[in-house]
Amino acid sequence: SMRISNLPPPMDEPPGKLLLIDDDTRLLTEMQTVLQRAGHMVQVSHNPLNSAQLLPLAEVALVDYNMPGVNGEATVEWLREVSVRKGYNLSFYLHTSDGQAAPRFKTLGFDGVILKGGPLDSLPTQVARVLNMHRRSWKR
């Protein structure tokens, strides 16, 4: 099912390194606070063009899809290209409240989706699930 939040949280998933990209600085700060409280290391960027230098510090990037003046598809394509070229092991997750974009996450170039707009206290559970999937998919 697409709604990652419906899945049970993985038990004791170790904290992760996250990159949050969103033009909503208030939401970024709230998300960062909630996720840091849950033990994660969290980098934030409200400008996707400045976020490439933060890629090596992350396992998973949550990218807002609808940012003014920014093409979400082109952004994730470029960030993925940079991370592949530099050999970073990163998963890119679409973070959106857009019901049209969410089911199309794969077509849009994302590895998965976390729906926006739910209670922020459910975010750590969703992120634990995402980290778990990420770590299994990158196991060599």
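Helix H1 (residues 25–37) has 13 residues and spans 18 Å from its first C-alpha to its last, close to the 18 Å expected at 1.5 Å a residue (that is, 1.5 Å times one less than the number of residues). Keep in mind that this is a predicted model, where local features need pLDDT of at least 70, side-chain atom pairs count only at pLDDT 80 or more, and totals for chains, interfaces and linings use all residues. Residues are numbered from 1 along each chain as its sequence is written, and side-chain values use heavy atoms, with hydrogens and water left out. Helices (H or I, at least four residues) and strands (E, at least two) are DSSP runs, numbered from the N terminus.

**Around H1**
- Leu27, Leu28, Met31, Gln32, Val34 and Leu35 are the buried residues of H1 (buried means under 20% relative accessible area, with a 1.4 Å probe and protein chains only).
- Those buried residues pack against S1, S2, S3, S6 and H3 (contact means heavy atoms within 4.5 Å).
- Just after H1, Gly39 has a positive phi of about 100°.

**The sheet**
- Five strands form an open sheet in the order S2-S1-S3-S6-S7, with parallel pairing (two strands pair if DSSP finds at least two bridges between them).
- Strands S2 (41–45) and S7 (112–115) stand at the edges with a single partner strand each, so one side of each has no neighbour in the sheet.
- S1 (residues 17–21) and S3 (residues 60–64) run parallel and are joined by four bridges.
- Leu20 has Leu62 as its bridge partner in S3.

Key. Buried means under 20% relative accessible area, exposed over 50%, partly exposed in between (1.4 Å probe, protein chains only).
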